[in-house]
Amino acid sequence: MRLRVPACAAVLLLLMVACSNSESAPRTAARGEDEEKVAVDAPGVTDSEIRVGGVASITNPLGGEYADMFRGVEAYFQMVNEDGGIHGRELTLVAERDDKVASNNAQVQALLAQDDVFAVLPVATLLFTGADTLVERNVPTFGWTINPEWQGTEEEPKENLFGQAGSYLCFDCEAPIWPWLAQEAGASKVGVIAYNVAQSSECAEGIRKSIERWGPEAGVEVGFIDTSLSFGTTDLSVQVSQMKEAGVDFITSCVDLQGVVTLAKEVKKQNLDATQFIPNGYDQSVVDEFGDLFEDSYVLTFFAPFETEEKPEGLQTYLEWMERTGTTKSENSLNGWLNAALFVQGLRDAGPDFNRQKVIDAINKMTNWDANGLLCGVDWTSAHDQPSENVCSAISKVTDGAFEPVFAEPGKPFLLWERDAPLKDPEVVAGVD
Amino acid sequence: MIEILELAVRGVPTGCVFALLAVGLVLTYKTSGVFNLAFGAQAYVSAVVFYEVRKEHEWPLLPAALLAIVVIGPLLGLLLDRVLFRHLRTSGSVAKLVTSLGLLVAIPELVRLAFGSESKKNPPPLWYVERTDQWLWPEGSRFVLDAGQVTTILATLVVVAGLGVLFRSTALGLRMRAVVESPRMVELNGINAERVSMVSWMLSSFLAGLSGVLLAPLFASLSPFDFFTLLVAALAATAFGRLSSIPLTLLGGILLGVLQAILAGKLPTDSILANGLRPALPFVVLFALLLFWPGLRSARDAADPLAGVDPPPPPAAASIRTRFLTVGTRAFAVTVSAIGLLLGWFVLDSFWLGLVTSGVILGVIMLSITVITGMGGMISLCQATFAAIGAFTTARVVDSLGMSVIVAIFVGAVVAAAVGGLLALPVLRLEGVYLALATLAFALMFQSVMVPLDWVSGGTTPLRVPRPVIGPVDLAENRAFFVLAAALLALAGALVYVVKRGTTGRFLDALRGSEYAAASVGISATRAKVIAFSLSAGIAGLGGGLLACFYGAANYDQSFNFFYGLVWVVLVVTAGARSVQAAVISGLGFFLIPEFLQRLFEIPGRYVADHPDLPAAVEAVLRTIKPEYSLGVAFILFGFGALTYAKHPEGIIEVQTRAALRKVMGALDRTDRSQPTPATDDARPPDEDPAAPATDDDARRPAPVRTGGAGVP
Amino acid sequence: MSEAQALLEAERITKRFAGISALEEVTVEVHRGELVGLIGPNGAGKTTLFDCLSGKLRPDEGDVRFDGRSLVGLPVHRRARLGLARTFQRIELFSGMNVRDQLLVAERARHGGGSFLRDAVGLSRPTADEIERCDRMLDLLGLTPDADRPIESLSLGRGRLVELGRALMTEPKLLFLDEPSSGLDRRETHDMGTVLQAVQERSHTAILLVEHDVPMVQRLATRLYVLDAGHLIASGPTREVLDDPAVRAAYLGVGV
């Protein structure tokens with residue numbers, strides 16, 4: 001279905017970054033199966049298998065390869081099953097439903113009513129209208145958090161919905177990352193563009209607030225901001241000429257690929273000398289396609305970039321299994337992989353007499369879920385409904401048409417800021433400890 | 001002042017983009033009488049072909065461009081003319097518009113089936129570079145143009161000049177214009193209207209192909225929706241050109257681009273004004289032009305002076321029924337509904353129940369189209385917007401006043417009806433295509449101005465709408481809600497039915513038959529149409545509120561995007577805009593058909609999986625059928641359904657009803673030959689057998705009674 | 001209001017289309033109960049005059065007074081409710097309705113009637129009184145056998161009668177008839193004339209009749225206006241006007 005605004009999904013991805021959570025926690029349970037099998041009375045669980053199913057906007061107007069999330073889940077399951085499964089059972093992905101953007105709620109109903117699943121994963125959907133049903137039925141659910149429905153509140157904690165790196169979405173949260181990066185790039189005036197679509201303009205508002213808060217310490221200010229672009233605009237000539245006039249030397253945006261490409265082309269045309277920060281630009285296929293347009297731009301990831309030196313164990317395993325299963329390494333397949341990893345960890349922690357509630361509880365006890373170093377660390381005791389205390393992300397730079405992690409150290413891909421502190425250089429870490 | 005000038009210059013390249021598309025639209029309208037909203041979809045076809053051969057198969061520029069623009073474009077036009085528009089030449093503008101909406105829905109899905117749905121990033125420019133920005137001119141200057149802009153500007157100018165020569169100085173151009181005025185007259189003069197129409201379509205499709213290939217590099221990846229978005233923005237330019245003047249259209253496009261640039265530069269960038277006005281500018285301009293641009297309003301839909309020589313349309317199935325059959329059909333409808341209710345309550349699982357409930361609620365919204373189009377004879381493209389207004393109001397009223405949800409849904413309906421009435425007052429002076437465009441502009445304005453506002457839609461988080469509790473019944477239970485939805489559908493259906501049979505319906509019938517004649521017996525067209533508009537908006541609002549309540553939130557993107565409004569019109573008109581059951585069926589079909597297709601398309605895959613020893617060739621064929629195609633195929637079916645509208649303006653359901661009735665009556669005739677009733681005598685459709693109704697003893701000529709539509713000389 | 005005052009006074013009506021004059025200072029009067037003829041060659045402006053009088057077109061100059069009040073600026077349906085009805089040269093019936101319904105709609109519209117609320121509660125079915133009035137009209141016009149037939153199945157002659165009946169249902173004080181015999185054969189034309197006479201005698205409706213058929217005009221009209229190229233070239237008692245050589249030259253031509 002030709003929907004307009006869901007395209008902003010891509011925009012939202014970047015917001016996760018500033019919101020994922022962290023605190024220290026010991027690593028639980030090791031791989032390998034030697035536990036005894038106990039009879040379990042839970043939906044979707046038989047003697048030999050644990051059934052899960054997922055829903056994605058496979059048919060979508062953006063050309064997004066969301067079906068890759070299924071491949072990530074499948075690869076992780078294959079890994080676990082080859083290792084003997086879990087609690088004496090195999091993990092099977094029994095349903096890959098396509099909600100075609102508009103029928104999410106119906107497909108979620110189908111997963112529960114027809115596919116008889118124990119848990120729902122992955123969910124990679126542009127509109128998550130089935131969230132209420134899943135909360136009501138208390139089904140452990142794992143997916144890609146670009147929809148506001150993932151987020152819990154005090155009245156409605158939504159404790160069974162788990163994003164790939166926390167469930168709290170904060171569209172206009174402040175984070176020191178913008179002023180800091182501008183300062184690092186030797187810039188003093190920041191230009192920001194966004195669509196007049198709620199998510200996009202709130203994101204721009206967050207950037208503006210961040211720069212107003214920490215900018216003075218870094219000698220950085222907002223030189224130009226436009227949050228009134230119509231979605232999918234094809235012409236930014238006026239905006240870029242105004243940026244040029246205002247002396248903007250660092251540009252960031254809350255727009256989709258269309259906006260980012262149009263902006264980069266116009267910057268090049270008007271010969272504006274500015275560093276571009278494309279928070280949601282970590283996509284090799286985009287860089288392959290547009291090559292020099294994004295050279296020297298910065299991108300942001302909430303996970304350890306694939307190019308990290310001295311890769312953490314979790315990343316190594318992921319890359320290895322992507323190769324073994326012939327799956328593209330991409331953010332989509334990684335999300336599926338992370339969903340599966342969290343689910344399996346929850347199952348393990350829940351013990352051999354697991355059920356849905358026990359899995360949910362087990363995950364919500366984790367205070368530092370990092371998927372073996374793939375993530376910076378998520379504190380699931382608070383990641384449903386609160387922003388994290390820290391801001392933890394990795395930054396890469398496009399160099400010779402490839403992503404190169406920057407500001408990182410071997411084995412330490414992440415940059416860690418305290419959210420509520422004066423601006424200072426981040427700590428370079430392997431994860432929150 | 002200098003600054004304004006600079007901004008104006010910056011607006012020109014985008015203005016040319018608008019102009020190119022608008023000129024294509026005007027050309028099609030001028031030469032075929034079709035306001036072709038599928039022009040963008042046609043452009044998309046050539047853009048995809050060019051992408052495939054140039055990028056995937058690495059053809060050289062020239063052959064690739066020739067194939068995409070000079071071969072595929074006109075070929076598509078030829079096909080459209082042969083299969084569709086040739087047969088529509090003498091139809092009214094509404095039939096033509098609905099057909100183009102059907103194409104708009106179907107073409108992109110066909111392309112997706114043919115070329116795959118992977119994203120097509122970085123479409124190649126019509127130039128010897130890989131990306132438009134790799135060739136700049138004059139490099140380093142203040143107003144630098146890239147390869148895409150240069151080709152677009154040049155092409156626009158050449159096209160406008162070429163068309164000017166064509167229409168002014170060639171016999172072909174003259175004939176093209178004549179064919180639109182009156183195809184029959186032209187034929188009487190010995191001109192082959194079919195050939196002229198064919199050439200027109202090939203020419204305008206060539207232009208669509210050219211636009212597609214030229215404009216594709218504006219987008220980071222190819223999507224039909226982007227072309228459509230650009231096209232609706234360009235509509236304002238066509239209105240500026242009064243849908244007839246190509247030079248004025250060019251000027252309109254450029255002015256629009258310039259105005260956009262000036263507003264972008266002069267309005268404070270994050271002010272409320274900028275937020276509302278800038279994205280909505282093309283639609284505000286379109287709306288204003290439709291209402292106030294002199295010359296446009298008086299440019300009534302061209303009526304063929306010889307249209308009256310056509311045989312009259314067959315009467316509605318209802319009017320050829322005998323009493324016995326009427327009772328029979330009603331009993332049948334009641335039985336089917338009862339079975340449906342029981343199925344819903346006892347048999348369906350939560351998945352199918354959810355879909356059926358959605359379909360039932362959509363049936364309510366579809367009834368609003370029955371009112372406006374079936375009864376009122378008007379095409380409105382903003383029914384999804386009225387539904388959204390109902391949904392947002394419901395959510396807001398529940399949230400801030402703590403009102404009962406059921407009451408709130410009706411408040412939403414009333415607010416939607418009020419908005420509908422207010423919108424009706426200015427737009428009712430418009431007819432046919434112009435009214436459709438004005439309502440489309442309204443839908444787009446609502447989408448780009450109101451929907452982003454926090455207090456309207458809730459901003460990033462859709463507004464919640466709780467399920468109501470009625471006495472002891474908690475409607476959080478899906479089966480209970482299904483019954484509520486069915487009850488409200490029955491209520492809305494009954495309302496539409498009695499209004500249709502009542503004074504308002506009769507007056508609207510009369511107005512549809514002949515507006516002047518209706519006025520001459522004292523019927524106020526304005527009053528009747530405002531009522532129709534309000535009632536329609538109110539019913540849509542009711543459905544919208546109910547849908548929001550069912551889904552738990554008023555989610556604009558999921559349920560009320562303006563594009564749905566277009567698809568719904570196509571569906572209802574295809575099924576039959578005049579009958580209540582057609583509205584219900586199309587509501588259900590919208591949700592159920594894709595799911596049925598999905599089930600169907602899963603079969604080959606499962607068969608392959610179960611039979612590993614299949615011959616490779618069979619397996620390969622079976623594997624080409626994928627469940628992902630279901631939605632696309634459903635949309636293709638919906639779209640192609642609309643194409644039958646030309647032949648059966650009364651709708652598929654009605655045609656089927658009539659065919660079935662004929663069979664039944666034929667059977668009755670045979671069994672009851674001994675005692676023919678006068679009723680069956682009257683019931684014989686007159687178009688079948690003009691000599692049959694022999695109540696009149698006069699030797700009669702073929703009935704040349706002129707009815708319907710367009711005005712008197 | 002004195003009896004001497006004309007029912008309709010159209011004074012110095014002028015209408016131009018794109019600068020070309022279709023009517024030039026045309027003045028017409030119709031008195032109560034009178035049947036007046038309006039003749040003229042094709043393109044003389046007869047239909048344009050009807051359109052100006054009934055409100056479809058807005059004259060560029062001139063005043064139309066009806067029953068003592070000015071009609072300037074009133075839309076068609078308001079004039080209809082004041083008692084102005086008309087038929088059409090190119091017949092304009094409501095498609096998809098049967099014959100009786102055509103009349104019922106007109107009956108209902110007579111008082112501008114119809115409340116949406118009554119519709120919504122299903123109270124707007126035709127009343128027995130309305131149906132009776134319609135049936136009487138059908139009877140008068142000899143349309144009773146056709147009452148339930150869709151109008152698409154009627155012959156042109158019958159269609160014209162239905163149009164006449166529809167106009168009469170509004171109980172007009174003045175009826176404009178635009179070439180009621182056009183397209184009819186001799187017998188049908190004669191029948192139409194008879195019906196018109198009956199109607200006029202029965203209801204004393206004033207009629208302004210545009211007609212090509214000279215015998216019919218002679219038979220029915222007491223007075224005559226002659227229009228040629230937008231100008232009124234003659235007016236007066238029927239016989240006198242028809243004998244006027246200027247009229248014969250302009251309109252009737254040689255041999256009539």
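Biologist: How close do the axes of helix α6 (residues 171-181) and helix α8 (residues 193-215) of chain B come, and at what angle do they cross?

Modeller: Two packed helices are described by the angle between their axes and the distance between the axes. In this predicted model, the axes of α6 and α8 of chain B come within 9 Å and cross at roughly 105°. Axes are lines fitted to C-alpha atoms, for helices over the stretch in contact, with angles from 0 to 180 degrees between N-to-C directions. α6(B) and α8(B) are therefore roughly perpendicular to each other (65 to 115 degrees; under 35 is roughly parallel, over 145 roughly antiparallel, the rest oblique).

Biologist: Which residues make that contact?

Modeller: Leu172(B), Arg175(B), Met176(B) and Val179(B) come from α6(B), while α8(B) gives Ala193(B), Val196(B), Ser197(B), Val199(B) and Ser200(B). Contact requires C-beta atoms, placed from the backbone, within 7 Å. By class there are 6 nonpolar, 2 polar and 1 charged (nonpolar: Ala, Val, Leu, Ile, Met, Phe, Trp, Tyr, Cys, Pro; charged: Asp, Glu, Lys, Arg; polar: the others, Gly among them). Helices (H or I, at least four residues) and strands (E, at least two) are DSSP runs, numbered from the N terminus.

Biologist: How many residues of chain B are in contact with chain A?

Modeller: 51 residues of chain B meet 54 residues of chain A. Elements giving two or more residues to the chain B side include α1 (2-32), α9 (224-240), α10 (246-266) and α13 (350-375). That side has 19 nonpolar, 21 polar and 11 charged residues.

Biologist: What is the strand order in the open sheet of chain C?

Modeller: Strands of a sheet pair through backbone hydrogen bonds, either parallel or antiparallel. Here 6 strands run in the order β6-β7-β8-β3-β9-β10, with mixed pairing (a pair needs at least two DSSP bridges). β6 (84-86) and β10 (231-237) are the edge strands, each pairing on one side only. From one strand to the next the twist averages 15°. Within chain C, β3 (35-39) and β9 (223-228) are parallel, over 4 bridges, and Gly37(C) stands opposite Leu224(C) of β9(C).

Biologist: What is the mean pLDDT of chain C?

Modeller: Where pLDDT is low, the predicted coordinates should not be read in detail. Chain C has a mean of 85, with 95% of its residues at 70 or more (pLDDT is the predictor's confidence in each residue, from 0 to 100). The model scores ipTM 0.91 and pTM 0.90.

Biologist: Which conventions apply?

Modeller: Residues are numbered from 1 along each chain as its sequence is written, and chains are lettered from A and ligands numbered from 1 in the order written. Local features need pLDDT of at least 70 and side-chain atom pairs 80 or more, while totals for chains, interfaces and linings use all residues.

Terms used. Two residues are in contact if their C-beta atoms, placed from the backbone, lie within 7 Å.
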